[in-house]
Number of protein chains: 2
Amino acid sequence: MKSDGRLARMLHVLVHMALLGGKETSERIAQMLNTNPVVVRRTLGALRDNGIVESEGGRGGGWKMSKTLDDITVLDVQRALHKGTILSAGVSHDHPSCPVERASNAVLESAHAAAEAKLREIYATTTLAEIARIAVASGGEQAAN
Amino acid sequence: MKSDGRLARMLHVLVHMALLGGKETSERIAQMLNTNPVVVRRTLGALRDNGIVESEGGRGGGWKMSKTLDDITVLDVQRALHKGTILSAGVSHDHPSCPVERASNAVLESAHAAAEAKLREIYATTTLAEIARIAVASGGEQAAN
DNA sequence: TTTTTCTGTAACCTAAAATGTTACAGATTG
DNA sequence: CAATCTGTAACATTTTAGGTTACAGAAAAA
């Protein structure tokens with residue numbers, strides 16, 4: 001599979017949208033992400049369904065933020081994009097009744113659950129405002145695209 | 001992509017091999033993993049290259065453990081199977097010079113690094129002997145396949 | 001030495017999931 | 001009505017684990 005870059009892309013584009021402050025079309029956002037408008041609408045659609053952005057059709061339409069960067073955490077975006085767990089353990093299902101397989105799976109699942117808890121904790125305490133701050137600090141004033 | 005079940009499968013099969021105590025052919029191991037011998041040789045080959053098991057060709061050949069379960073951690077098996085990091089952050093490479101993209105990627109990478117440290121710590125302190133103990137405790141005496 | 005039984009690999013095919021792409025339908029503004 | 005958006009369907013593409021077939025080579029057994 002291709003690696004999932006949706007979270008990174010959405011963080012990226014949300015910060016840009018907030019810094020620009022207005023409404024953006026899928027076409028313009030696609031340029032920010034070096035992709036095409038359909039991919040943008042697909043992915044931003046999930047954020048809209050979770051109250052992070054809103055969209056308007058028709059002439060003059062486009063996408064805008066529903067909240068400020070301070071009110072959006074990385075975890076909010078993650079949850080909008082993926083329903084279930086963040087990390088999966090990659091267990092085996094070769095002999096579901098085998099106690100050795102079950103023990104192996106249980107150990108891996110438990111370890112991944114602990115790692116995910118750590119990840120989730122960081123995601124929950126990192127706002128997009130902080131990303132914007134890092135970007136401005138490192139990239140100087142040129143923060144557009 | 002199909003999810004990577006190699007680690008779970010190798011933990012599973014190594015515990016079986018140790019409990020059985022002798023030498024096993026790819027064919028028999030394939031039955032434990034509900035797959036075919038070529039997949040087994042491919043995957044066990046990586047463990048052999050890391051000193052976890054050893055193989056012998058020819059009639060009467062097969063695979064056997066090079067260490068006891070106490071001397072193999074989950075991290076050892078993980079490292080034999082995958083060279084680099086365990087968790088990857090799924091960053092974006094749409095505009096590598098964009099400071100916002102870089103800040104987004106940096107935040108994700110840092111978070112994943114913290115989660116991976118946690119995961120690695122657990123892997124490093126979990127031996128296969130412990131998995132065997134869990135299996136025997138939960139599955140009763142029937143620990144074969 | 002010939003047969004049998006193993007591993008080691010090459011060379012494919014398949015599956016699954018994100019991403020890319022084309023083509024429209026529908027909505028909204030001018 | 002014309003122009004400009006979003007919303008979706010319907011594919012094609014890419015990547016990687018896994019499955020499969022087919023042999024070559026090694027080693028014990030006959």
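A salt bridge here is a side-chain nitrogen of Lys or Arg within 4 Å of a carboxyl oxygen of Asp or Glu. Asp94(A) forms one with Arg9(B), and the closest N and O atoms are 2.9 Å apart. Asp94(A) sits in the loop between helix H4 (74-81) and H5 of chain A, while Arg9(B) is in helix H1 (residues 6-20) of chain B, so this pair joins two chains. Helices are DSSP runs of H or I, at least four residues long, numbered from the N terminus. As background, side chains of opposite charge can pair when their charged atoms come close.

Some housekeeping. This is a predicted model, where local features need pLDDT of at least 70 and side-chain atom pairs count only at pLDDT 80 or more, while totals for chains, interfaces and linings use all residues. Residues are numbered from 1 along each chain as its sequence is written, chains are lettered from A and ligands numbered from 1 in the order written, and side-chain values use heavy atoms, with hydrogens and water left out.

Which residue of chain A does Asp94(B) bridge to? The partner is Arg9(A), again with closest N and O atoms 2.9 Å apart.

Now the interface as a whole. Contact, meaning heavy atoms within 4.5 Å, takes in 48 residues from chain A and 48 residues from chain B. The two chains bury about 3900 Å² between them, 71% of it on carbon and sulfur atoms; buried area is the accessible area (1.4 Å probe) that two parts lose on being put together, summed over both. Asp94(A), Pro99(A) and Val100(A) supply 15% of the area that chain A buries against chain B, more than any other three residues.

Where on chain A does the touching side come from? The elements giving two or more residues to the side that touches chain B are helix H1 (6-20), helix H2 (26-32), helix H5 (99-125) and helix H6 (128-139) of chain A. H5(A) gives the largest share, 16 residues.

Last, the second largest pocket. Its lining takes two or more residues from each of H1 and helix H3 (37-48) of chain A, and H3(A) has the largest share, 5 residues.
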